[in-house]
Amino acid sequence: EPTGGSPIRVVLLGANGVGKKSFASIFAGASDGMDSEDCELYGDEVCEKTIEVDGETATIILLNTWDTEDEWALEHSMQTGDAYLLLYSITDRASFLRASELRITLRRHRPAQHTPIILVGNKCDLVRCREVSVSEGRACAAVFDCKFIETSAAMQHNVWEAFHGIVRQLRLRRDSK
Ligand code: GDP
């Protein structure tokens with residue numbers, strides 16, 4: 001397969017204020033070394049971009065579920081994604097609990113073995129305000145059978161790693177078919 005194949009629809013999920021918009025704007029920016037032209041914006045909510053991961057290109061369409069309290073929007077996003085970044089803020093335990101709830105709802109729609117999910121503990125730059133430890137995050141991901149990463153959108157730390165992780169997981173699934 002010469003190119004990355006069909007676009008991957010990645011959905012950002014998480015409580016308000018955890019950093020979804022910040023993730024989307026880093027994704028939309030040119031900070032991954034590829035041209036910003038590669039990002040086509042369709043309104044505020046959708047951004048398409050081709051990135052290179054391990055020497056192979058992949059096209060990601062990023063969908064942001066702005067309002068996870070909106071039942072319809074949430075149901076819709078759970079049906080449209082190929083992969084999910086499930087965000088919480090390490091400074092906000094309520095957002096961590098919300099991520100667990102969202103994971104449970106997601107599991108009803110998507111069997112884990114087909115849909116990559118990464119639990120993302122964002123705002124890891126705010127060390128003094130930490131409410132959720134790294135080991136709690138890791139343990140939660142293990143229970144929910146998904147990958148785990150801590151990020152800082154503010155420091156642009158590990159944000160691209162999260163997207164690359166999604167691509168790698170999809171390739172593993174593709175290659176094991
Ligand atoms: P959303 O509601 O999930 O889309 O969250 P936003 O992306 O709007 O972020 C909410 C607030 O948290 C904003 O003021 C961001 O600047 C801030 N923020 C987002 N990510 C980080 C981070 O990694 N570190 C810090 N310190 N602030 C962040």
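Is Thr80 buried or exposed? Thr80 counts as exposed, because it has 12 C-beta neighbours inside 10 Å; the cut-offs are 20 or more other C-beta atoms within 10 Å for buried, 12 or fewer for exposed, and partly exposed in between, with C-beta atoms placed from the backbone. What you're looking at is a predicted model, where local features need pLDDT of at least 70, side-chain atom pairs count only at pLDDT 80 or more, and totals for chains, interfaces and linings use all residues. Residue numbers start from 1 along each chain as its sequence is written.

**Confidence**
- The model comes with an ipTM of 0.99 and a pTM of 0.90.
- Average pLDDT (the predictor's confidence in each residue, from 0 to 100) is 87 for the protein chain, and 85% of the residues score at least 70.
- Strand β7 (residues 147-150) has the highest confidence in the protein chain, at 98, while strand β2 (residues 40-42) has the lowest, at a mean of 49.
- Residues 31-38 have pLDDT below 50, and this stretch has eleven contacts in the model beyond near neighbours in sequence; a contact puts two C-beta atoms, placed from the backbone, within 7 Å.

**Overall layout**
- The protein chain has five helices and seven strands, which are DSSP runs numbered from the N terminus (H or I, at least four residues, for helices; E, at least two, for strands).
- Starting at the N terminus, the order of elements is β-α-β-β-β-α-β-α-β-α-β-α.
- Of the 177 residues in the protein chain, 38% are buried.
- Take the protein chain's contacts between residues at least 6 apart in sequence: 68% of them join residues at least 24 apart.

**Around the ligand**
- The ligand is surrounded by 15 residues, and the closest are Gly19, Lys20, Lys21, Ser22 and Ala154; to be near, a residue needs its C-beta atom, placed from the backbone, within 6 Å.
- By class, that shell splits into four nonpolar, seven polar and four charged residues. Here Ala, Val, Leu, Ile, Met, Phe, Trp, Tyr, Cys and Pro count as nonpolar, Asp, Glu, Lys and Arg as charged, and the others, Gly among them, as polar.
- Helix α1 (residues 20-28) gives the most to the shell, with three residues.

- In α1, the buried residues are Lys20, Phe23, Ala24 and Phe27.
- Viewed down the axis of α1, those buried residues fall within an arc of 100°, so they line one face of the helix; the arc is taken from the directions from the helix axis to the C-beta atoms.
- They pack against β1 (8-14), β3 (46-53), β4 (56-64), β5 (83-89) and α5.
- Helix α5 (residues 159-175) has 17 residues and reaches 25 Å from its first C-alpha to its last, close to the expected 24 Å, which is 1.5 Å times one less than its number of residues.
- Buried positions in α5 include Val159, Phe163 and Leu170.

**Single residues worth a look**
- Lys123 sits in the loop between β6 (117-122) and α4 (134-143), and its phi is near 70°, a positive value in a residue other than glycine.
- Lys123 is buried, because 26 other C-beta atoms lie within 10 Å.
- Gln156 also has a positive phi, near 55°, and is found in the loop between β7 and α5.
- With 13 C-beta neighbours inside 10 Å, Gln156 counts as partly exposed.
- Back to Thr80: it belongs to helix α2 (residues 71-80) and touches Arg9 and Leu63, not counting residues up to four places away in sequence.
- The C-alpha atoms of Thr80 and Leu63 are separated by 9.2 Å, with the two residues 17 apart along the chain.
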